Amino acid sequence: MVTALPDGPRNRLLSTIKVLRSPFVDLPRWLARYGDPFTIPTVNGTVVMTGDPALVKTIFAAPPSTYLPWGVDAVAPMLGPGSVLMLEGDRHTRERKLLMPPLHGERMRAHAQTMAEVARRHLAAADGASRVIAMDLMQAISLEVIARAIFGAQNDAQARALEHAVLDMIAAASPMLFFMPFLQRDFAGLGPWARFRRALAQLDGLLQERIDDARRHPRADLCGLLVAARDEDGEAMRDADIRDELRTMLFAGHETTAITLAWIIDLLHRHPEWLARVQAEIDALGPAPDPIAYTNLPTLDLVCKEVMRLYPIVTEVLRKLREPLRLGECEVPAGIGVCAGILLVHRNEALYPEPEAFRPERFAERRFAPHEYLPFGGGDRRCLGAAFASFEMRIVLGCALARHRISLLDETPPRPVRRNLTLAPGGGVPIRVNDRAGLS
Ligand code: HEM
């Protein structure tokens, strides 16, 4: 058995910069040069990365006690100690059980109408403008969906207030603050930390109003369901923990959905044959169907899956080892990170022939196991919002294409660029949106 860490790039700072700036270029290059798995030294610790589906399966199948969460310290001030992202062990498993039902099945489907109304209103407002950034438009939609379906805003005024508070908090949350903890000090109510704390307090005040309201009038949004939830001992969640979870859903769910939608809009419109097929499916439903119908369209589904294969917005998921883990021929010691290389698996030629090509039909030709197709990660930390995001994205796209014609304004396809933790289309996908009725 080999016990030394596998080979890989040596320079810690340079490899950190490469992972952050150009994972689409450097991860495949390292794989080709060093083999699978390979070791990457980063400023946050050393990680062993694999793009081999069998090893990814090993990572996802290991018991939860094998791992600690990776690199969450930086976001701790925004999420709080009650966030599922910060928790580990049994408490993490219990919290996932509480959060899962509101984001799945009938409770999720109950939000279809809200998602469609929000999407139609924002798209109608963008109609006719000479230049709209698809990512901003999609972000405005996903933020309002969170304000209503997750936080439980009951009317426009409440939704607007929550959206403004969120945007203020995001504006105040400079990455410097989180990566340089010594800046987390209040200078007599002045400075970036004080500004961030004020924005956070403002948002928390509004979230607390939603919690108090749900206690008086039970509601079916995620906030309402968490207020009503009881654990195995009949205990309710503490308000501070509910607020932490609501902020976590915002952090994990709002930019991710918007960026993925922007990639889908871009790639779909660069492949007219697929656009025509998706358009025909949508038109067959008529101009204002029950929005749930958009979530059952087979061609739209293939397209969404293929875009998330080619451009996974999270290119790898990491776990820190609490105890050693055997990864192929290598015994990775405790304290090191192991990393499932989503991008590397998705570009694996044995699984996906012509991996660089946009071929949505590959998802009709065969089924992929969870360790072969993993845009939402996997194992005990797989994305809690995967079903919710997939549902919302299909409704937004259905509403967009049913009533509007979208034109891309940039001839050159965008390149993936880092945006916080995700890889977004550079330039945000500039588009023009036109009412189809007006055009015909
Ligand atoms: C297209 C949109 C989305 C993508 C691509 C995405 C992707 C991911 C990925 C890759 C992870 C890490 C999984 C792992 O470590 O194995 C994750 C975690 C998570 N996501 Fe998402 N996500 C999306 C939307 C959402 C939405 C809408 C929500 C909530 C409403 C959400 C909530 C979460 C939470 C709470 C976690 C942490 C789970 C845990 O640590 O147990 N995500 N997501």
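E354 sits in the loop that links α16 (342-346) to α17 (362-365); helices here are DSSP runs of H or I with at least four residues, strands are runs of E with at least two, and both are numbered from the N terminus. This is a predicted model, in which local features need pLDDT of at least 70 and side-chain atom pairs count only at pLDDT 80 or more, while totals for chains, interfaces and linings use all residues. Residue numbers start from 1 along each chain, following the sequence as written.

Most residues other than glycine have a negative phi, and most peptide bonds are trans. E354 has a positive phi, near 50°. E354 counts as exposed because it has 9 C-beta neighbours inside 10 Å. The cut-offs go like this: with C-beta atoms placed from the backbone, a residue is buried if 20 or more other C-beta atoms lie within 10 Å of its own, exposed if 12 or fewer, and partly exposed in between. V429 also has a positive phi, near 65°, and belongs to the loop between β11 (422-425) and β12 (430-435). With 29 other C-beta atoms within 10 Å, V429 is buried. As for peptide bonds, the one from D36 to P37 is cis, with omega near 0°. P37 lies in the loop between α2 (23-34) and β1 (38-42).

Next comes the sheet. Strands of a sheet pair through backbone hydrogen bonds, either parallel or antiparallel. Two strands are taken as paired if DSSP finds at least two bridges between them. Five strands make an open sheet in the order β1-β2-β8-β5-β3, and the pairing is mixed. β1 and β3 (67-68) are the edge strands with a single partner each, so one side of each has no neighbour in the sheet. β2 (residues 45-50) runs parallel to β8 (residues 337-340), with 4 bridges between them, and M49 faces C339 in β8. On β5 (317-321), the pairing with β8 is antiparallel, again through 4 bridges; here V317 is opposite A340 of β8.

In a regular strand the side chains alternate between the two faces of the sheet. In β8, G337 and C339 point one way, V338 and A340 point the other way, and all of them are buried. Helix α3 (residues 53-61) lies across β2, β5 and β8, and runs at about 125° to β8. Such angles run from 0 to 180 degrees between N-to-C directions, and the axes are lines fitted to C-alpha atoms, for helices over the stretch in contact.

Another pair of strands forms a hairpin. β10 (residues 416-419) and β11 run antiparallel and are joined by 4 bridges, with P416 partnered by P425 in β11. The hairpin has 2 residues between its strands, and N420 takes a positive phi near 50° there.

Helix packing is worth a look too. Two packed helices are described by the angle between their axes and the distance between the axes. For α7 (residues 112-126) and α8 (residues 134-150), the angle is about 150° and the axes are 9 Å apart. On the α7 side, the contact is made by T114, M115, V118, A119, H122 and A126, and on the α8 side by L137, A140, I141, E144, V145, R148 and A149; two residues are in contact if their C-beta atoms, placed from the backbone, lie within 7 Å. By class, this contact has 9 nonpolar, 2 polar and 2 charged residues. Here Ala, Val, Leu, Ile, Met, Phe, Trp, Tyr, Cys and Pro count as nonpolar, Asp, Glu, Lys and Arg as charged, and the others, Gly among them, as polar.

Finally, there is the ligand. The shell around the ligand has 25 residues, and the closest are A252, G253, G377, C383 and G385; a residue is near a molecule if its C-beta atom, placed from the backbone, lies within 6 Å of it. α13 (239-269) and α18 (386-403) each supply at least two shell residues, and α13 gives the most, with 7 residues. The shell is made up of 14 nonpolar, 8 polar and 3 charged residues.
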